[in-house]
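Hi everyone, thanks for coming. I have one structure to walk through today, so let me put it on the screen.

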Amino acid sequence: MSDMIQEIEDILFRRNAEIELMNLMGYYCNYHAQFDQEGCVNLFDLSDPGSRVEMAWGVYDGEEGIRKCYGERHCQHSDPDRWRGKLFLRMVSSPCIEVSQDKKTARVSWLTPGAGGWPSDEIPGENECRWDFCKYGVDCKLVDGKWKWWHLHVFSVYGCEFHRCWKDLPAYSYENEDTVENFRTDWKEDESEGMPNREITCWWNFEPGCIYPDNQPEVPEPYGSFEKDIGYGW
């Protein structure tokens, strides 16, 4: 009987964890769309200096980096002069969730279509609007009985202006060293907008004739413990 009770408790723990982990991403999408970037920041375990977020332009480490990513780079709703005319809209689907056997961590991947817009740098008074499809790979950890994000990695699929077809995208992947090198370093040109701590660890973007890279991100597999089986994480 005790084994059966333990099995039921384990199942309930994992089902509850799945709901909470999906809610975390739901909160993120809603906070981000509302420019409540402080809400996004608080989804992370800020007490752990190893917490991080990797965007398409660089990696932000620890609490200071995460706050810089969302508060400075993406801008907070308390600063209307910066978010006027901007749109960050993300929708997520197809979650793959694995909770560790030791019940301390979890790994989640998502597919996410998105749309965005911001004032054009080239045409005053116009907005630059885009489609941006990507994937999220997230490591989560249980902190004082509450699930928190630990590592969040945004993996690009494709991005283009709304009036262009994604089949017409220019070469922009690791198969083209020139464009990749430009992408890896162009964030260094503007030190006023939430500079990341370091450059991206990987990059891929759809182009005609390209080959989709293996495991970007990898689909979460069952595992015992993060420290033993995973390593660095997403």
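Predicted model: local features only at pLDDT ≥ 70, side-chain atom pairs only at ≥ 80, totals over all residues.

The protein has 234 residues, and 44% of them count as buried. Its secondary structure comes to six helices and eight strands. If you follow the chain from the N terminus, the order of elements is α-α-β-β-α-α-β-β-β-β-β-β-α-α. As for contacts between residues at least 6 apart in sequence, 63% join residues at least 24 apart. The accessible surface is about 12700 Å², and carbon and sulfur atoms account for 52% of that.

Now to the inside. In soluble globular proteins, nonpolar side chains tend to be buried together. Here, the largest nonpolar core has 31 residues, and Leu21, Tyr28, Val53, Met55, Tyr70 and Trp149 have the most contacts inside it. Which elements supply at least two residues each to this core? They are α1, α2, β1, α3 (62-75), β4 (93-99), β5 (105-112), β7 (127-143) and β8 (146-161). Helix α1 gives the largest share, six residues.

Let me pick out Val53 from that list. Setting aside residues up to four places away in sequence, Val53 touches Phe44, Gly58, Val59, Tyr60, Ile66, Cys69, Tyr70 and Leu152.

On to the charged side chains. How many salt bridges does a search of the whole structure find? It finds ten, and I'll show you a few.

One is in helix α1, where Arg15 and Glu18 sit three residues apart, about one turn of the helix. Their side chains meet with an N to O distance of 2.7 Å. Arg15 is partly exposed at 40% relative accessibility, and Glu18 is partly exposed too, at 21%.

Another one joins Glu218 and Arg107, with the closest N and O atoms 2.8 Å apart. Glu218 is in the loop between α5 (177-185) and α6 (226-229) while Arg107 is in strand β5, so this pair ties together parts that are 111 residues apart in sequence. Are the two partners buried or exposed? Glu218 has a relative accessibility of 33%, so it counts as partly exposed. Arg107 has 3%, so it counts as buried.

Then there is Arg130 with Asp132, where the salt bridge has an N to O distance of 3.3 Å. Arg130 is buried at 18% relative accessible area, whereas Asp132, at 22%, is partly exposed. The cut-off for buried is under 20%, so these two partners fall on either side of it. Salt bridges with shared partners also join Glu38, Glu63 and Arg67 into one network.

Now the two local spots. Asp48 is in the loop between α2 (37-41) and β1 (52-55). Its relative accessibility is 18%, so Asp48 counts as buried. What is Asp48 in contact with, leaving aside its neighbours within four places in sequence? The answer is Lys141 and Trp150.

The other spot is on the surface, where Met4, Ile8 and Leu12 form a nonpolar patch with about 300 Å² of accessible area together. Ile8 is found in helix α1, residues 2-33, and is partly exposed, with a relative accessible area of 46%.

Terms used. Residues numbered from 1 in each chain as written. Heavy atoms only, no water. Patch = residues over 30% accessible without salt bridge, like charges linked within 9 Å, V, L, I, M, F, W, Y side chains within 5 Å. Areas by Shrake-Rupley, 256 points an atom, 1.4 Å probe, with all protein chains shown as cover. Salt bridge = Lys/Arg side-chain N within 4 Å of Asp/Glu carboxyl O. Helix = DSSP H or I, 4+ residues; strand = E, 2+ residues; numbered from the N terminus. Buried < 20%, exposed > 50% of the residue type's maximum accessible area, 1.4 Å probe, protein only. Contact = heavy atoms within 4.5 Å. Core = buried A, V, L, I, M, F, W, Y, C linked by side-chain atoms within 4.5 Å.
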